[in-house]
Amino acid sequence: MVLLNNISIFWSMFHVFFLFVILFRSRYTHKKTIVVTCIGIGALMVLNGGLLIVYGFEVLGKAFLFTCSIPSFILFFVMSADRKFRFLLTFCLVDTICLWLMAVTNLLNYFFGGEKGVLLLVSRLIAFPLIEYLMWKHLRKPYIELQDAVEKGWGIFAGMTMLYYLLLVVVVQFPTNIVERPEDMFVCILVLVLMLFNYGTIFLSLYNQLMLYRRQQAERVLQEQKNTLEAQLSNQQRIRKMKHDMKGHVAALSGLLATGKTKEAQEYLKNVEIEVDTLFGPFCPNPYLNAVFTYYFQKLQELEAECRMDIQIGEEELPYMDLCQIISNGLGNACDAIKGLREEDREVSVQMKYSKDYLIVRIKNRCRSDLQVEKGTIPATEKKGHDHGFGLVTVQEAAKRLGGEMFCYTENGNFVLDVMVLCRSLQRGMK
């Protein structure tokens, strides 16, 4: 009985860390993470194994929080890429799941397995790999996606999970193991069942958050498609107008040349060039980026905003889809932000130039005086104002695909969006 019980405890302890690794994201390389984890967890396993042999499960169960949980918390916190409440939720969630499985299998062995402990060992041998498979297949991907998508609300779930873990430790282990306290078993069973419903509520809330995030992503894609289609439609209308006007230009040029008025014909051609630039925008040689700049320049003119554009790129090939996404979202946010300002305060500027190994895009617009954004953070979108928000996430994702980074902040009454894209990524994007 004692041997089988000890084996089942070691099996459970091992899988606590294995379950955690399924949801854990390290800030270090894969190799370094494995080495540090093996050394740290190996030392804890040896320590707790020695305590189990010398003092038995009763003493270890009461001291487990201090001999294993807290040291492993510190170890993984140092390595974790997810800090604050995200990490706390992940850690407490895994510990609670494992402790819940150990309590349930312990009760099953008490009621149906007798004193030999065979059912205890077999049930744990099956339960832990099964829960690991379910977590890997159904929980890991959406859970990590949620950590990237949702900024707030983790503290409530983390606090609830931590309290449930402490409640379970007390109910199962204090003052003695639950199988030695038959009078408390009904309360223990109620707590175990209640935890299923509460964690069901937590996961349902997290799932709804994920669905909301995916809907927001879909809305961003649809908005970008709408903007692209509007730009294409606007270009087609300008092309049709230019084709119609070109007949008159050809007739005028033919008449001037037929009468030998070469200088007048040259002057007329210059005026035609100015008209073409006015229609299609003289912002940059790249036709795709130029169409986006032209589209938003016209929108800014409709808002009677002062717009300054300094585009210093040539005719080189560029990964225009990602760059159009960056510029479209940045200028779309700028248009939304200045709508609520007085006309004399509506200002937007765009810079796009090379600086050493980077292509730099800076979009700056006037903003509300009460808007404060620290560098390195992304402001949340307001449902009424729509000043900035979801589009910035899209900009950040596009910048990272091109090996760059995005920063936004407020400065002297302006909202500034800086995007740096590695030139080597631009060259790869052309291929």
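**Entry 1: Lys299**

I started with Lys299, which lies in helix α8, residues 287-302. I kept in mind that this is a predicted model. How accessible is Lys299? I found a relative accessible area of 28%, so I noted Lys299 as partly exposed; that label covers the range between under 20% for buried and over 50% for exposed. Next I looked at Leu331, which is 32 residues from Lys299 along the chain. The C-alpha atoms of the two are separated by 9.7 Å.

**Entry 2: Gly40**

I moved on to helix α2, which spans residues 30-79 and holds Gly40. Is Gly40 buried or exposed? Its relative accessibility is 19%, so I wrote it down as buried, the cut-off being under 20%.

**Entry 3: Ser12**

Helix α1, residues 2-23, is where I found Ser12. Its relative accessibility is 0%, and therefore Ser12 counts as buried. What does the side chain of Ser12 reach? I traced it to the backbone oxygen of Ser8, at 2.8 Å. Leaving out residues up to four places away in sequence, I listed Met102, Arg124 and Phe128 as the residues that Ser12 touches.

**Entry 4: Asn414**

For a look at a strand, I picked Asn414 in β5, which covers residues 414-422. Asn414 has a relative accessible area of 14%, so I have it down as buried. Which residues is Asn414 in contact with, beyond its neighbours within four places in sequence? My list reads Lys364, Asn365, Arg366, Cys367 and Tyr409.

**Entry 5: α3 and α5**

Last, I turned to a pair of helices. Two packed helices are described by an angle and a distance, both taken between their axes, so I looked up both values. Helix α3 (residues 84-113) packs against helix α5 (residues 154-173) at about 30°, and the axes are 8 Å apart. Angles under 35 degrees count as roughly parallel, and α3 and α5 are therefore roughly parallel to each other. I noted their crossing as left-handed.

Who makes the contact? From α3 I wrote down several residues, including Phe85, Leu88, Leu89, Trp100 and Ala103. From α5 the contributors include Trp154, Phe157, Met162, Tyr165 and Val172. What kinds of residue make up this contact of α3 with α5? I noted 16 nonpolar, three polar and two charged. Among the α3 residues in the contact are also Arg86 and Asp95, and both of these types count as charged.

Methods
Residues numbered from 1 in each chain as written. Predicted model: local features only at pLDDT ≥ 70, side-chain atom pairs only at ≥ 80, totals over all residues. Heavy atoms only, no water. Axes fitted to C-alpha atoms, helices over the stretch in contact; angles between N-to-C directions. Helix = DSSP H or I, 4+ residues; strand = E, 2+ residues; numbered from the N terminus. Parallel < 35°, antiparallel > 145°, perpendicular 65-115°, else oblique. Left-handed = near helix turned anticlockwise from the far one by under 90°. Contact = heavy atoms within 4.5 Å. Buried < 20%, exposed > 50% of the residue type's maximum accessible area, 1.4 Å probe, protein only. Polar contact = N/O pair within 3.5 Å; in protein donor to acceptor, adjacent residues only side chain to side chain.
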